[in-house]
Amino acid sequence: MDKKPRHLMNPLDFSVEELESLMDLAKDIEANREKYAHACDGKKLATLFYEPSTRTRLSFEAAMLNLGGSVLGFASEDSSSAAKGESVSDTLSVVSCYADICAIRHPKEGAPLVASQHASIPVINAGDGGHQHPTQTLTDLLTIRSLDGKIENLTIGLCGDLKFGRTVHSLINALIRYPNIRFILISPPELRIPDYIREDVLIKNDIPFEEVIKLEEAMPSLDILYMTRVQRERFFNEEDYLRMKGFYILDKKKMTLAKDNMLVLHPLPRVNEISVEVDEDPRAAYFRQAQYGVYIRMALILTLLDIKV
Ligand code: NCD
């Protein structure tokens, strides 16, 4: 590739207008699957996952396969040369010779950024530690936009592990660029949003927000409820995790407090924070959200590879 490749590390790497185009493309893909079925014939996507994943890795792979391309990669650190001590940058220099685009997930914050500096192909951050998860954010934005075709004038409740949940950090960063967005941050005191988001993102940009402990209190005013699981793997001890797990359980009874058209989102996997009885509620949008994840990743692959259909 002669041109410098374009990467996606952070949702802010795309302007609001570019995000709109990406979401429009995802909607067109949803409506016209056939039209895109050979758009990436002959292209390869590498998925380099140093941390467990089901949805993100499989949705990237499904996205590339739906576009007619092929996939290669590894699903865990021990099945890669990282186990032999190879650095991420060396791995990326090599992968650049084998694939046209790559998605990387790593437990260390910033690892995908370092990787991108050594790659001659587009690199997508598929989650770095507790930091960012931009493709989940694109999925979340597309799902939020499905509520009434635009992202504005919304009260968004983010509930659960706001300290370690990277999807929440990424989503707040992305949403503050839209008009009249207000947040209700719902968490136990131990899992409050980190200062670098509260101070440097919310307060600095004059974004209205409240922090509350009780979900019931927030429920009636929400347009979107974004549930998250307690991030067990980022806790220092199991005892604290067990104390926090089970703090919030969204069930049918709590759903009666919500607006009729509120959407419930969850990046998944769910542990116990949404009772399965909520799945049949038409406001439960989390499985639809997982489906949108494939369309938006298809749109992203086409955009980063600069393929027009
Ligand atoms: C999220 C993640 O990996 O951060 N999962 C996902 O990509 N859909 C959320 C989570 O693991 O809780």
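## Exercises on helix packing and the ligand site

In helix 2, Thr56, Ser59, Phe60, Ala62, Ala63, Met64 and Asn66 meet Val294, Arg297, Met298 and Ile301 of helix 11. By class, this contact of helix 2 with helix 11 has seven nonpolar, three polar and one charged residues. The model is predicted, and the exercises below refer to it.

### Exercise 1

Solution. Two packed helices are described by the angle between their axes and the distance between the axes. Begin with these two values: helix 2 (residues 55-66) and helix 11 (residues 286-304) pack at an angle of about 60°, with their axes 8 Å apart. Angles of 65 to 115 degrees count as roughly perpendicular and those under 35 degrees as roughly parallel.

### Exercise 2

Describe the packing of helix 5 on helix 6, from the axes to the residues in contact.

Solution. The axes of helix 5 (residues 134-145) and helix 6 (residues 166-175) cross at roughly 60° and come within 9 Å. Helix 5 is therefore oblique to helix 6. The crossing in which helix 5 passes helix 6 is right-handed. From helix 5, the contact takes in Pro134, Gln136, Thr137, Asp140, Leu141 and Ile144; they meet Thr167, Ser170, Leu171, Ala174 and Leu175 in helix 6. Sorted by class, the residues of this contact are six nonpolar, four polar and one charged.

### Exercise 3

Decide whether helix 1 is oblique or roughly perpendicular to helix 5, and sort the residues of their contact by class.

Solution. The axes of helix 1 (residues 16-31) and helix 5 cross at roughly 75° and come within 11 Å. Because 65 to 115 degrees counts as roughly perpendicular, helix 1 is roughly perpendicular to helix 5. On the helix 1 side are Leu19, Glu20, Leu22, Met23, Asp24, Ala26 and Lys27, which meet Leu138, Leu141, Leu142 and Arg145 in helix 5. The classes here are seven nonpolar, no polar and four charged residues. Leu141 of helix 5 is listed both here and in the contact with helix 6.

### Exercise 4

List the residues that surround the ligand, then find side chains with a polar atom close to a ligand oxygen.

Solution. Around the ligand are Arg55, Thr56, Arg105, His133, Gln136, Arg166, Thr167, Arg229, Gln231, Pro267, Leu268 and Pro269. A polar side-chain atom of Thr56 lies 2.8 Å from an oxygen atom of the ligand. For Gln231, a polar side-chain atom is likewise 2.8 Å from a ligand oxygen atom. In Arg229, an N or O atom of the side chain is 2.7 Å from an oxygen atom of the ligand. Thr56 also takes part in the contact of helix 2 with helix 11, and Gln136 in that of helix 5 with helix 6.

### Exercise 5

Solution. Most residues other than glycine have a negative phi, and most peptide bonds are trans. Pro269 sits in the loop between strand 9 (263-265) and helix 11.

Methods:
Residues are numbered from 1 along each chain as its sequence is written. This is a predicted model: local features need pLDDT of at least 70, side-chain atom pairs count only at pLDDT 80 or more; totals for chains, interfaces and linings use all residues. Side-chain values use heavy atoms; hydrogens and water are left out. Axes are lines fitted to C-alpha atoms, for helices over the stretch in contact, and angles run from 0 to 180 degrees between N-to-C directions. Helices (H or I, at least four residues) and strands (E, at least two) are DSSP runs, numbered from the N terminus. Angles under 35 degrees count as roughly parallel, over 145 as roughly antiparallel, 65 to 115 as roughly perpendicular and the rest as oblique. A crossing is left-handed if the near helix is turned anticlockwise from the far one by less than a right angle, and right-handed if clockwise. Contact means heavy atoms within 4.5 Å. Ala, Val, Leu, Ile, Met, Phe, Trp, Tyr, Cys and Pro count as nonpolar, Asp, Glu, Lys and Arg as charged, and the others, Gly among them, as polar. A residue is near a molecule or strand if one of its heavy atoms lies within 4 Å of it. A polar contact is a pair of N or O atoms within 3.5 Å; within protein, one must be able to donate a hydrogen and the other to accept it, and residues adjacent in sequence count only if both atoms are side-chain atoms.
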